[in-house]
Amino acid sequence: MEDGSERNLDLSKGMYDAGDLVKFGFPLAFTATMLSWAILEYGDQMRAVKQLDHAQDSLKWIADYLINAHPSENVLYIQVGDPEIDHRCWQRPESMTEKRPLTQVNTTYPGTEVAAETAAAMAAASLVFKKTNSTYSHLLLKHSKQLFTFADTYRGSYSISIPQVQVYYNSTGYGDELLWASSWLYHATKDAYYLEYVTLKNGIAFANWGTPTWFSWDNKLAGTQVLLSRVNFFGAEDIPIIENLDLQIYRKTAEAFMCGLLPDSPTATSSRTEGGLIWVSEWNSLQHPMASAFLAVIFSDYMLGSYTENLYCEGKLYNSMDLRNFAISQVDYVLGNNPLGMSYLLAYGSNYPQYVHHRGASIPTNATTGCRDGFKWLNATDPNPNVAIGALVGGPFLNDTYIDSRNNSMQGEPTTYNAALIVGLLSGLVTISSIAPSFD
């Protein structure tokens, strides 16, 4: 509860990224952006299953933190806690006592990608709260604009400015975050400046048009392509021709990404397990299939809502239901239709991981352990005494196997951004959706 107090800031809110007790701002902001996008597209479905209030509460908890982490225009606190100190302890968050230093980016030590991702999160969240809390929405948008200007004016990777972040959340570049943030700011403001930014001004430099890439906390290009496809599907008539041409290229690249996901497409990716799961990385392997499936559901609904019948994949035609069925296949795998017959979503079904790499889940609520002696719970042979209900673990190896061990953080550590992705994905599959042409 004292996070940020050394700088007279209230950073008590926010979320830990995974099973440890560090607040990493880069993936946290991405979590907020994805949760916002899910609410904006599928809030009605969330309401139908009585989950909308919970989603909005979770989003506001993160957004409150991000606001407080941005105390002046060109300063953003991007981390609370030291992972090296944190990883020398195994204790519940309620009882931790180690030092929790703050890390910031500023004009001397810039961090374009984390500042731009935070700008994206705030712009997206401003749309979520626009009708229910206009004052808060305006505040978020103010911070978003300032952070985008900061990110763009003082360009530099936070991985270079602050080398220690490379160990846990290394960035491979910031161009994608600038496009992503500007795309969200265009949706939030309808200011032509932000549309021109992603098209005429920076499309060629940063968009990597025509080359699909995997969507993740580090690479936002596929998400940007789908988000800008929304403009092309529903709002193109009000946009100058030259910018519309660039929007069409964004959409064409999004379509190429979708074609790669469909298993019988001529351009289908080979990055799959034999069980049918998209598989890109052995660390946190479920991030990419969940992110891909979420984008597929959204794009499918954009096609449906715009009466776009076909997706053309090098000589073969597909429709919106083909994309939806792909997304369902990924969800089915996660929920148990896989070679192990195991659910990777905790507390779903009767067979799910019991030794999740998560401090709070592994330590009994009545334990009085401190920093070092808590490791007995990490190494205990009994299953976790507490179930992190709804958490999505890292996922299987390429051969569809999973080792259920508390020390197996590669496969067994749940993350907040995976949770945000599957919230959006499952919400999009509640019903076949009628997408609103605008977020307003």
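C259 is buried, at a relative accessible area of 4%, where buried denotes under 20% relative accessible area, exposed over 50%, and partly exposed the range in between, computed with a 1.4 Å probe on protein chains only. The model is predicted, so that local features require pLDDT of at least 70 and side-chain atom pairs count only at pLDDT 80 or more, whereas totals for chains, interfaces and linings use all residues. Residues are numbered from 1 along each chain as its sequence is written, and side-chain values use heavy atoms, with hydrogens and water left out.

C259 is joined to C313 by a disulfide with an S to S distance of 2.0 Å; a disulfide is a pair of cysteine sulfur atoms within 2.5 Å. The link of C259 and C313 is left-handed, with -85° about the S-S bond. C259 belongs to helix α12 (residues 241-261) and C313 to strand β4 (residues 311-313), so the bond ties together parts 54 residues apart in sequence. Helices (H or I, at least four residues) and strands (E, at least two) are DSSP runs numbered from the N terminus. C313 is also buried, at 1% relative accessibility.

The structure holds 2 disulfides. The other pairs C89 with C371, their sulfur atoms 1.9 Å apart, and this link is left-handed, with -80° about the S-S bond. Distant parts of the chain are connected here: C89 sits in the loop between α3 (83-86) and β3 (102-105), and C371 in the loop between α15 (359-362) and α16 (375-378), 282 residues apart. C89 counts as buried at 4% relative accessibility, while C371 is partly exposed at 23%. Counting bonded cysteines along the chain, the disulfides follow the pattern 1-4, 2-3.

The description now turns to the nonpolar interior. A nonpolar core is a set of buried Ala, Val, Leu, Ile, Met, Phe, Trp, Tyr and Cys residues joined through side-chain atoms within 4.5 Å. The largest such core has 130 residues, and those with the most contacts inside it include W37, W184, M258 and L311. Helix α1 (residues 25-48) supplies the largest share of this core, 13 residues. Leaving aside residues up to four places away in sequence, L311 touches C259, among others, as well as M258, L262 and Y318, a contact being heavy atoms within 4.5 Å. A second, separate core of 5 residues includes W90, I363, A367 and F375.
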